[in-house]
Amino acid sequence: MKYFILFGPPGAGKGTQAAKMKEKYSLRHISTGDLLRKEIAEETELGKMAKSLTDNGNLVPDEIVIGMIRNVLDSDRTAKGFLLDGFPRTEAQAVALDRMLKERGSEVTSVLSLMIDDDEVVRRIKKRAEIENRADDADEATIRNRVRTYHEKTEPVINHYKSTGKYNEVNGTGSIEEVFGTLCGIIDRL
Ligand code: AMP
């Protein structure tokens, strides 16, 4: 069983690349952001709790997202592999993921990290706001808070994986096809 992590700041293109990778490699795509948006749309208890946090660009508590990931891993034992998008976002989530995979006799296969700078993040998310209708894409203060949260809480996760030799950085500023080509190159060499 293969477990890929698609890593990077908001707006780096994780969702776009995940859709292509899922197709090409028959992976089960798990986006914690998508799962949370579904809970919010369905107005579940979890969704009500998550709404104000996600709307303001803050992270949802670790236990919640870790539980969501555990549920998907448990519910799909037939997948060829999993593609985690937007998880782990904190050191605690990375540690929990290691533990969950170890329980399943497995480990993270590869971390694919899309790199773009902060100004490009803001530019891309503003563009996305014109197409999708995400509350957290709507104003610049929220976008800047997400960038800050990324640097403070999520970027340190890179160090968690760097020492494992499974961490790969990919320039995220090329065209969709260029970035996809680089990602495929890494996966195909595994
Ligand atoms: P995304 O679609 O990945 O940009 O996620 C949208 C929002 O959902 C984030 O800004 C967070 O508020 C929340 N979220 C998604 N994934 C996580 C996670 N792994 N840990 C905590 N919060 C998350």
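**A predicted chain and its ligand: group meeting talk**

Leaving out residues up to four places away in sequence, L53 touches N58, L59, V60 and P61, where contact means heavy atoms within 4.5 Å. This is a predicted model, in which local features need pLDDT of at least 70, side-chain atom pairs count only at pLDDT 80 or more, and totals for chains, interfaces and linings use all residues. Residues are numbered from 1 along each chain as its sequence is written, and side-chain values use heavy atoms, with hydrogens and water left out.

Let me stay with L53 for a moment. L53 belongs to helix 3, residues 45–55; helices here are DSSP runs of H or I with at least four residues, strands are runs of E with at least two, and both are numbered from the N terminus. Because its relative accessibility is 23%, L53 counts as partly exposed. The scale calls a residue buried under 20% relative accessible area, exposed over 50%, and partly exposed in between, with a 1.4 Å probe and protein chains only.

I turn now to the ligand. Which residues come nearest to the ligand? Of the 16 residues around it, they are T32, R37, N58, G86 and Q93; a residue is near if one of its heavy atoms lies within 4 Å. The shell divides into five nonpolar, six polar and five charged residues. In this scheme Ala, Val, Leu, Ile, Met, Phe, Trp, Tyr, Cys and Pro are nonpolar, Asp, Glu, Lys and Arg are charged, and the others, Gly among them, are polar. Helix 2, residues 32–41, gives the most to this shell, with four residues.

T32 is found in helix 2, and it counts as buried because its relative accessibility is 2%. Beyond its neighbours within four places in sequence, T32 is in contact with V65, M68, I69, D85, G86, F87 and R89.

A polar backbone atom of G86 is 2.9 Å from a nitrogen atom of the ligand, and a polar side-chain atom of R89 lies 3.0 Å from a nitrogen atom of the ligand. The protein covers 95% of the 480 Å² of accessible area that the ligand has on its own, by the Shrake-Rupley method with a 1.4 Å probe.

Finally, the whole chain. Its secondary structure comes to nine helices and five strands. Buried residues make up 46% of the 190 residues. The C-alpha atoms fill a box of roughly 40 × 40 × 30 Å along the principal axes.

Notes. Polar contact = N/O pair within 3.5 Å; in protein donor to acceptor, adjacent residues only side chain to side chain.
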